[in-house]
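Here are my notebook entries from a first walk through this structure.

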Amino acid sequence: MLVISLLAVLFAAGQAGRVVSFEREVKPLLEARCVKCHGAAMKLGKLDLRNREAALRGGEKGPGMVAGNAAQSILFKRVAGLEKPAMPMDGKLTDGEVETLRLWIDQGAVWEGEIGAQKAAVDPMKAMEEAPLPANAKEWWSFRKPVKADVPRVADARWGKHPVDAFVKRQLDAQGLKAAPEADRRTLVRRAYLDLTGLPPTPAEVREFVEDRRPDAWEQLVDRLLASPHYGERWGRHWLDVARYADSNGYEHDFDRPNAWRYRDYVIRAFNRDTPYDRFLLEQLAGDEVEEVNYETLTATGFLRNYAKVGFREKDNPQFRFEYLDDMIATLGRGVMGLTVHCARCHNHKFDPILQRDYYQLQTSLYGYVEVEHPLVPKEQAEEYYRQNAEIDGKIKPLRARVAEIEDPYKLVLVKDKYKRFPANVQEAIAIPEEQRTPGQALLANQIIRTVRVSSGEVARHLKAEERAEVQKLGAEIAALEKQRPKAIPTAMGITDGDYRFVPDGPGDEPAPGKGVKMEVTEGSYLHRGPGKYQVPPSYFLHGGDIGSRGSAMKPGFVSVVTEGSPAVERAPAHGKTSGRRRALAEWLSSAEHPLTARVMVNRIWHHHFGRGIVATLDNFGKTGEKPTHAELLDWLAVEFRERGWSFKAMHRLIMMSETYRMSSSFVDEGNLAKDAANLNLWRYRQQRLEAEVLRDSILHVAGSLNTLMEGPAVFPPLPEETLRSMNKGIWKRQKNGPETWRRSIYVYRKRGLPFPFFEVFDLPDQTITCGRRTVSTVATQALTLLNNDFVLDQSKRFAERLQAMSADKNEQLRLAYELALGRHPNAEEQAVAAEFLKTNRVEDLTHVLLNLSEFLYMR
């Protein structure tokens, strides 16, 4: 680094006496790298770099240049990477080009003529929209369809019986690696239970398998666990990470999502009934567009609605709509295709052959969505419910209007007093009329105006006596009407197609180029939409990702590099109330021609079984991702997945029947460690730290506390008072520590603004974005949590009470403690140490120690 810095200083010194020519050096550089985004076609950030006057004037961020002072010039700071975002967006300038601009500005930014004035007009917008795929785009391994290679022939009798083993053994032999022996039966049964159900086996369940000497005992065990309802809770949790599921909105207000849990329960049920993956995707992307629409398929559309959002209703903050669409594209890209498609929002992808056009074609496929609460009752019942509520709303509306008429003048005065506590620049921004604010002032003003409120209680202290009496009377009338509302019907948070359009800023049906950033939304389930075929609102190519820089109207489509032929982009359903674009998208994803969907999912399944995917970067199969360690095996599994009807359970059986899965994790071979210390070639089973939820569930399970009630609204385990006091937005209900909150962790309320502390310590992923692979850290706070957390201490005590209820004999309690926590008997040394420990310590101290053992924390 020192050498590079020294060279840079020497280079600059060598350039110091040079006079820069605008015509020969600067103008060609601006033409090639700058004016396509800051010129005639578009002016991102309202910055125009075609002439000196416009460049000095600048745009939204202030003057573009300060003649004679490059260090104070935004143009220089951005191209030098001193200020974010760095420019140009399509790649950095060379050090020499940056230095040329610095010298030119410091020398007064001498400028002759106007860039582009003498040249034939080139439309960079069209060039970007119509950019072709590179000629070699499909040469990358993951962009080619998977091919099912012949299973290798292996001489070793142990490894030649199973396709997975044959591929793995061939690679072990090629690397000169020895395979681990099979794990003992106690280790295997604990591995299978934790892997498939997320719960450790009971002593009786361990004993049953250990003593079962039938040749198909392992197969029978796996089938029994796959049939357990706990399977859906365990593997549904993996998908909920991909789906960025949460029970609250996130962001500033973190509003509660009272019906989000219905999507979570749909996922659990889908895994338990082994819904084929192609159908699973179809229901989540287009559950309102399938042939047989039902409550389950409507609930499934919550997948697209799981994005974090600002405010409560979409129509309150329509400017954020494009952020939600970007989140959908990122989730589909990373979660389903293993591609970072969202990186092509502002420009063509920097590393993968993903065009900006691909991004906006996908956006157009999703664009017509609106947020809805799907009624989960017959249509007639739902319509009667809405009718009664509308009638009550009609009666309440004039009463609320009268209250506002009385209170608003007071609120206007009181809120201005509240604004005075903010800095002068904030007060100034608020005072400027909305249409005259700069973007920076608008941001400042809107943040304060949106959050600073005057309550009716504050107003009441200032009302005249007669006004206060009238407001109280009106309030009583409103309360009486509210009591007349019908009982709420069950609804599911989801989406359907609706009317979402740009509202013109000026006259005419369509906004002018660069305009139309005001929007409005019409909400409502298609089940209650009137007659006539649904018309899709228009969606546009947005240059630089800027909603103020609209290009051409877009047609729906897919990612070009992984699209073969001309697949349908619309599959209009029989009811005619949606576009069918989301259904076409789902069918394209699961088509036999798609090279990624099956690969990505079998790789996820492999990762959760083995602790590492065949491709380690689960959500990035592009050029910046890892390459597969066993490429032919991955492709063989991907084709097999499709051929077996996209069945998750079939893939579990296939993988778990292999010798590869049943290898010991404790096998050590110095030669292997020297050649493959990371175990990339799978010469032994990889130990895996239990995820946060599985750890909590396991503690409850061995303590005998676990409430196995399935599905339903979220639960709220107690939090420390100081934590609750820090929360001023959203909800966290105060429920007692007991069976009500001792349910499986998948049912714990997922609050984006306040992650459950126990989960967060053990690497809960960011709940606002799709998660491919959870981080696994080892930090002091984890040990401190297991030693001092109230939940762990309480369950340690209950674990001890369970042992004491099972036997009064200390030695028997010790044996039972090991069997319950670790699935095995203590060895002689452990027996002796623990017996000595119990002479001076309580049983609950021993159980607390067991819950802190690495053996308890890891699946081996």
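I started at T187, which I found in helix α8; helices here are DSSP runs of H or I with at least four residues, strands are runs of E with at least two, and both are numbered from the N terminus. T187 is buried, with a relative accessible area of 11%. For that word I used under 20% relative accessible area as buried, over 50% as exposed and anything in between as partly exposed, with a 1.4 Å probe and protein chains only. I also looked up a distance: 302 residues separate T187 from I489 along the chain, and their C-alpha atoms are 48 Å apart.

Before going on, I noted that this is a predicted model, in which local features need pLDDT of at least 70 and side-chain atom pairs count only at pLDDT 80 or more, while totals for chains, interfaces and linings use all residues. Residues are numbered from 1 along each chain as its sequence is written, and side-chain values use heavy atoms, with hydrogens and water left out.

Next I stayed in helix α8, which covers residues 185-197, and looked at R191. Is R191 buried or exposed? Its relative accessibility is 0%, so R191 counts as buried. Which residues does R191 touch, leaving aside those up to four places away in sequence? I listed A183, Y661, R662, M663, S664, S665, Y685, M859 and R860, taking contact as heavy atoms within 4.5 Å. T660 is 469 residues from R191 along the chain, yet their C-alpha atoms are separated by 13 Å.

Then I turned to strand β2, residues 491-497. I found 7 of its 7 residues buried, so β2 is largely enclosed by the rest of the structure. T491, M493, I495 and D497 point one way from the strand, while A492, G494 and T496 point the other way. Its partner is β1 (residues 369-375), paired with β2 in the antiparallel sense over 7 bridges; two strands pair if DSSP finds at least two bridges between them. On that pairing, V370 stands opposite T496.

Last, I stepped back to the whole protein. I counted 37 helices and 8 strands. Of the 860 residues, 53% count as buried. The C-alpha trace spans about 90 × 80 × 60 Å along its principal axes. Among contacts between residues at least 6 apart in sequence, 70% join residues at least 24 apart.
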